[in-house]
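User: I am new to reading protein structures. Could you walk me through one?

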Amino acid sequence: RLEQLVEQVAGCLREGGQPILVTSGAIACGMAALGLRRRPKSIAQLQACAAIGQSELMHLYNAAFSRRQTTTAQVLLTQDDLADRKRFRNAKQTLLTLLHRRVVPVVNENDTVAVEEITFGDNDRLAALVASAVDAQLLVILSDVDGLLHKGSVIERVETLERARQAVMPARHRQTTRGGMTSKLEAARIVGHNGIPMVIANGAKAGVVTDVLHGRPVGTLFVPPRNRLSPRKWWIAFSLRQPRGRVLVDAGAAQALVEGGKSLLPSGVVDVQGRFDAGAFIAVLDGGRRELGRGVCNFSSSDLLKVRGMNSAQAARALGQSRVREVVHRDHLVLAKELHQ
């Protein structure tokens, strides 16, 4: 299967495309080398398998691509690489430089150093973030099914994810991999809000990648929604994974944020949960603890506790400043309703 995949990716390159390959398999290769049949549960055991298996996996890709006179590059990423704005730009420039030089980047999560808090969760999410980082024209996710199925039949085209979610069956659990159809729908949501279509197809079918790239009806096509996010808001919505804290707001502030498109001011803040520095990624909740959105906070948690409920003039005096900024500027806030399709 790997040989067939490499042949198709190399063919894409020969035809003028700029393919990036996001691969799984490092932990599985390590499990095989250690004679393990079940995926370990501890982080240390998983990282040991990844350390052993990643070099073997890359060797297989290097050998296969070399037989087709194609140069590859190993790119290992963690969630932190894309959650930090500067590192995100660096990763993007590295990938674009490799593509410019006609090199095929082979991307995987850096499982050897990743811990639960900084993992992508699965390679579907990683692939979606990489595709969005380089403004790809298409994301193809190869699975062990023919596409998104409903009552045994493939749904050829998905215009809204709500229909797709209704068709999803509970994910099957395998001993060597993570992810299921739910994670693939999340990948479609991530790239969709960046204007990138996505196809889910059966990776075991001969010539499946070539068929997709030539526009043949294969698998399930996910059409990007009309409501797309700005690059900054997309990064906040998807590259940043776990909020550092939570801010509860009153009814007036909630209405101003959701209906008025306003920024969050200190006067609307009721409570602050968690400890964080200025510039941290936070969640904004209403009185019913429903998440209204997520954004970048201009205050540390300690300063915000000092000025919550104050008007701007009072907050400025309390902090010894001539003026205070918004708690979260509207340009740096992604509302939950903006992510619905």
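Predicted model: local features only at pLDDT ≥ 70, side-chain atom pairs only at ≥ 80, totals over all residues.

User: What should helix H3 span, and how far apart are its end C-alpha atoms?

Analyst: Helices (H or I, at least four residues) and strands (E, at least two) are DSSP runs, numbered from the N terminus. The expected span is 1.5 Å times one less than the number of residues. H3 has 24 residues (43–66), so it should span 34 Å, and its end C-alpha atoms are 33 Å apart, which agrees.

User: Where is the kink in H3 centred?

Analyst: A bend is the angle between axes fitted to the seven residues ending at a residue and the seven starting there. In H3, a kink of about 30° is centred on Gly 53. Gly 53 is also among the buried residues of H3 (buried means under 20% relative accessible area, with a 1.4 Å probe and protein chains only).

User: How do strands S12 and S13 run?

Analyst: Strands pair if DSSP finds at least two bridges between them. S12 (residues 281–285) and S13 (residues 291–296) run antiparallel, joined by 5 bridges. They form a hairpin with 5 residues between them, and Arg 289 in the turn has a positive phi of about 65°.

How values were computed:
Residues numbered from 1 in each chain as written. Heavy atoms only, no water. Buried < 20%, exposed > 50% of the residue type's maximum accessible area, 1.4 Å probe, protein only.
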